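The following explanation leads the reader through the arrangement of chains, their contacts and some local features. Please keep the sequence and the structure in view while reading.

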Protein chains: 4
Amino acid sequence: MKPWHGIISDEEQRAYRAAGFGRPSGIGKRPALLIIDVQYRTTGTQPLPFFEAIKEFPTSCGDVAWHAVDNIALLLAEFRQRGWPVLYPHVAPKVHSEGGRLAEKVPAIMNVAAHGYDFVKEVAPQPGDVMLPKKHPSAFFATALTSHLIDLQADTLIITGCSTSGCVRSSVVDAFSLNFKVLVPEDAVYDRSRVSHAVNLFDMAEKYADVAPTHEVLETLRKI
Amino acid sequence: MKPWHGIISDEEQRAYRAAGFGRPSGIGKRPALLIIDVQYRTTGTQPLPFFEAIKEFPTSCGDVAWHAVDNIALLLAEFRQRGWPVLYPHVAPKVHSEGGRLAEKVPAIMNVAAHGYDFVKEVAPQPGDVMLPKKHPSAFFATALTSHLIDLQADTLIITGCSTSGCVRSSVVDAFSLNFKVLVPEDAVYDRSRVSHAVNLFDMAEKYADVAPTHEVLETLRKI
Amino acid sequence: MKPWHGIISDEEQRAYRAAGFGRPSGIGKRPALLIIDVQYRTTGTQPLPFFEAIKEFPTSCGDVAWHAVDNIALLLAEFRQRGWPVLYPHVAPKVHSEGGRLAEKVPAIMNVAAHGYDFVKEVAPQPGDVMLPKKHPSAFFATALTSHLIDLQADTLIITGCSTSGCVRSSVVDAFSLNFKVLVPEDAVYDRSRVSHAVNLFDMAEKYADVAPTHEVLETLRKI
Amino acid sequence: MKPWHGIISDEEQRAYRAAGFGRPSGIGKRPALLIIDVQYRTTGTQPLPFFEAIKEFPTSCGDVAWHAVDNIALLLAEFRQRGWPVLYPHVAPKVHSEGGRLAEKVPAIMNVAAHGYDFVKEVAPQPGDVMLPKKHPSAFFATALTSHLIDLQADTLIITGCSTSGCVRSSVVDAFSLNFKVLVPEDAVYDRSRVSHAVNLFDMAEKYADVAPTHEVLETLRKI
């Protein structure tokens, strides 16, 4: 059952299908794993219900984050074992002169405690991973991500992390525009809104990426 | 009443509010109007219900498109009167060697009749407008849009057209990342899915843009 | 003998060498050929001395262009035979609303006769080649070149055409920044200034690309 | 007397002039100052002849750097007094996983002592300046420079620092492509090659920027 079941009506799904959207793009031969913004500022330091979690960090997504972390860990283990590249686009601490539009639109983002920027231990980077500090939604915007992926000769991106409707979505769109094949493991991305999470997965599935549960993505990867 | 009323629950809206999202970014002094993909391939040559409309063009959005065209026409009249710049990011006919990921994901897009690429008469470009053929979702991707906006010294973008969940959404994210102030007139953008339209407006309102009805956007513009 | 012999002194070459510049970057496994701006507006319709040639097109480079065309033809034949991709970044006719800084800096560029935009017959595109109209120096700027190269899984670019100090140089810098391996056949690029041509080749050889005569580039390609 | 006098022959200058290059682009109303890579790794900790200087840092440019620093200081004083924005694109320390093409082409760059990354005291940043770590030649590549300039509503860039043939040149080309007006104070940029410095100034003056001595740039700025 797709995550958008009961949210996007059958008729609307039929509308997209009639327009010819939603065909699979498949997988290439050289995958890379993106783990976006899986830092304590988005998960909290422990699993808690959303309205509890935001007392620690206003940007926390609550216990849905920890469910996704479990799935990211499965994907990461596969990538470690195969020696495939893992990249960590992540939020760098904000400084005042870099506020721009973000400071106006989401001022709370300017005031997150320092340990909120630490990577969640269960899926943390190792030496040799590519670290990509970023200050905008897309992992490609104002970063060297494209250069790294060309150097790695990656043709396929597995995009995980947070938030589904924010950095994941915009990174997926850019990856699609750059002609990478994109897979989004639907249970390895997370968001503070259940409905927005589901609808963004629907949008991505229809237009930009193949969306499937982690266990199916793992099966697909094992065929490479 | 916001377009996402009844789709994004009050609790989820409260979740975003608690996390500090959704503050207004306001308007600058030099607005530019983007009319994205308002071509007959997305509206049909006349207002028809969705499942009728797609018989003419599979990429048509049906009668919601024509409601938006009416509102875009109001905004366009204001821009023409004030002598403010109007830009037309639009879909250029596809050729085979440019397929890439798009050809796999949405093959129907490769086979649209030529007159589908004509601009909808009610809001069509005039000599002097900036024409931006594009082949990717964002109006900024692989186009000179940023260069034009810098040349025009624009600080604020009014983004209209189609589809809310596709080219509008991705252009809004890029405009935000580039530090333009962004206004999305909620009834001057359209989509083939009512739910996805609403949720994408919610996402944009929370994170990237000010979202309001056309009549409010017009009032705001008249204060410049 | 390097093209910059007698122009960049031995001592200056030693200065770069001492600083650690100029090591070879080598070749990968999937080359792509870029033929930049080889249109009659830069060659003239026949080989003529520079000051004769510019009577036909003010943007013509004179007979050095035709010498380069001969070498580009050799490279192109190799690419055709191997079935490797060939891409044509080229100047699209300018329209008034797209002038920007270029119209101020080089106004003559706005008034080139239409047949000046035709491709030089000896190295003209065939169906299936990637056509990339551009309006800025770099073949990557505001074009989908990066997307095409990722789709083609290219890892190495052979960059030819005109002018050495303009579009070739800036495309080479962007290709280097994107982590492509870059080869510049020194006698398959051309410029209206002999000295600027030579010094730009020196700069590229020291910092961004491997620079060698066409016959050496062909030998290198034949080893793939 | 232009810096390229005696290097680019009168005939070649006439060739460019005949082709219509080299008209002035002028200045706008909102200038921003870019000080690129003025760190001890490019100047040395004191003025020394080139072959002495590179014993401290292989990437040092010798005493020409210190002459340019004096001129940058004059420009910086003007910008400080007027309250205009100053931005510091600079080289961030390299880490192994970020090598890519650069590590192959200029391996010495990977091994610069930490204090080489410190800013030269005479023109060092103050709180409030925009800091832009970069890893590629152009100050625009994979950085948020464009976003900052749009936020600042800058229309004109004064580009200074090092090296003329490397980061300065490529930043100037990108700034031109983005439609900023660009001024290069010819004696506030520096390079390890005198000839390459001069020819790159010629190239920029013909195609992308207005090139003039610092005292003339200051006069132009004082008219704003």
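**Chains, contacts and local features**

Chain C is superposed on chain A, with an RMSD of 0.0 Å, by a rotation of 180 degrees with 0.0 Å of shift along its axis; the superposition is by least squares on the C-alpha atoms of residues with pLDDT of at least 70 in both copies. That is the relation of a two-fold axis. The model is predicted, so that local features need pLDDT of at least 70 and side-chain atom pairs count only at pLDDT 80 or more, while totals for chains, interfaces and linings use all residues. Residues are numbered from 1 along each chain as its sequence is written, and chains are lettered from A and ligands numbered from 1 in the order in which they are written.

The contact between these two chains takes 10 residues from chain C and 10 residues from chain A, where two residues are in contact if their C-beta atoms, placed from the backbone, lie within 7 Å. On the side of chain C that touches chain A, helix α6 (residues 145-151) of chain C provides the largest share, 4 residues; helices (H or I, at least four residues) and strands (E, at least two) are DSSP runs, numbered from the N terminus. This side of chain C divides into 3 nonpolar, 5 polar and 2 charged residues. Here Ala, Val, Leu, Ile, Met, Phe, Trp, Tyr, Cys and Pro count as nonpolar, Asp, Glu, Lys and Arg as charged, and the others, Gly among them, as polar. Because 100% of the interface residues of chain C are also interface residues in chain A, the copies meet through the same surface.

Chain B also meets chain A: 45 residues of chain B are in contact with 45 residues of chain A. On the side of chain B that touches chain A, α8(B) gives the most, with 7 residues. That side has 22 nonpolar, 13 polar and 10 charged residues.

Within chain A, Val120(A) lies in the loop between α5 (100-105) and β3 (130-134). Val120(A) counts as buried because it has 22 C-beta neighbours inside 10 Å; a residue is buried if 20 or more other C-beta atoms, placed from the backbone, lie within 10 Å of its own. Leaving aside residues up to four places away in sequence, Val120(A) touches Val38(A), Gln39(A), Tyr40(A), Thr43(A) and Val69(A).

In chain D, 14 of the 14 residues of α7(D) are buried, so this helix is largely enclosed by the rest of the structure. α7(D) is followed by Asn179(D), whose phi is positive, near 75 degrees.

Notes:
Buried ≥ 20, exposed ≤ 12 C-beta atoms within 10 Å, placed from the backbone.
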